[in-house]
Amino acid sequence: MASKETKKSFRGSLSKSFFFALEGFMYVLKNERNIKIHIIIAIFMILLSLYLNISKIEWVVLFLIIGGMVVIEIINTAIENVVDLVTEEFHPLAKIAKDVAASAALVFAVVAVVVGIILYLPYIVQLVK
Ligand SMILES: Nc1ncnc2c1ncn2[C@@H]1O[C@H](COP(=O)(O)OP(=O)(O)OP(=O)(O)O)[C@@H](O)[C@H]1O
């Protein structure tokens, strides 16, 4: 059984980890232009979805897409910073690392657009009719 001391330090390190993670998220929010664009689009999509009264499963899909995009942007920022830490000089491997990380966001954005069309087109068609 874990001692009182161990349990206390586990709780301490858990709350520290939470605040470090929050600090990381605040850094991305403040410094990354793309995340601001994603958040504006996400707010617009949430308002549009409220107006269209989409189903529960469609809300789940929407939040998975929004969450996925934000998480990719966060990981992308981490990779960019690690690359800059390793070298500020031009290096072909630095280019590959940054370009490949950026391509994850590109692929997910294309997926998000396709999912968005599948999800919202029927509602838009219904509105226009
Ligand atoms: N050290 C480097 N060596 C070689 N190419 C690099 C290096 N740093 C950046 N690049 C190239 O420049 C591009 C832009 O890099 P940068 O670090 O400016 O990211 P960014 O455009 O600011 O990304 P974001 O807008 O997502 O923050 C990279 O995708 C890569 O092709």
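A residue counts as partly exposed when the number of other C-beta atoms within 10 Å of its own falls between the limits for buried (20 or more) and exposed (12 or fewer). The legends below refer to a predicted model.

**View 1. E80 in helix α3.** E80 is found in helix α3. With 16 C-beta neighbours inside 10 Å, E80 is partly exposed. Leaving out residues up to four places away in sequence, E80 touches K98 and A101.

**View 2. E32 in the loop between α1 and α2.** The loop that holds E32 lies between α1 (4-31) and α2 (33-52). E32 is partly exposed, because 16 other C-beta atoms lie within 10 Å. Apart from neighbours within four places in sequence, E32 is in contact with E73 and T77.

View 3. An unreviewed UniProt entry lists E32 and E80 under "binding site". These positions span 49 residues in sequence, yet no two of their C-alpha atoms are more than 11.2 Å apart, so they gather at one spot.

**View 4. Packing of helix α3 against helix α4.** Helix α3 (residues 56-86) packs with helix α4 (residues 92-128) at an angle of about 170°, and their axes are 10 Å apart. Angles over 145 degrees count as roughly antiparallel, and α3 and α4 are therefore roughly antiparallel to each other.

**View 5. Residues where α3 meets α4.** The residues of α3 that meet α4 include V61, I65, M69, I72 and E80. On the α4 side, the residues include A97, K98, A101, F108 and L119. By class, the contact of α3 with α4 has 16 nonpolar, 2 polar and 4 charged residues.

Key. Residues are numbered from 1 along each chain as its sequence is written. This is a predicted model: local features need pLDDT of at least 70, side-chain atom pairs count only at pLDDT 80 or more; totals for chains, interfaces and linings use all residues. Axes are lines fitted to C-alpha atoms, for helices over the stretch in contact, and angles run from 0 to 180 degrees between N-to-C directions. Helices (H or I, at least four residues) and strands (E, at least two) are DSSP runs, numbered from the N terminus. Angles under 35 degrees count as roughly parallel, over 145 as roughly antiparallel, 65 to 115 as roughly perpendicular and the rest as oblique. Two residues are in contact if their C-beta atoms, placed from the backbone, lie within 7 Å. Ala, Val, Leu, Ile, Met, Phe, Trp, Tyr, Cys and Pro count as nonpolar, Asp, Glu, Lys and Arg as charged, and the others, Gly among them, as polar. UniProt positions are given in the numbering used here, feature names are shortened, and annotations may be inferred rather than shown by experiment.
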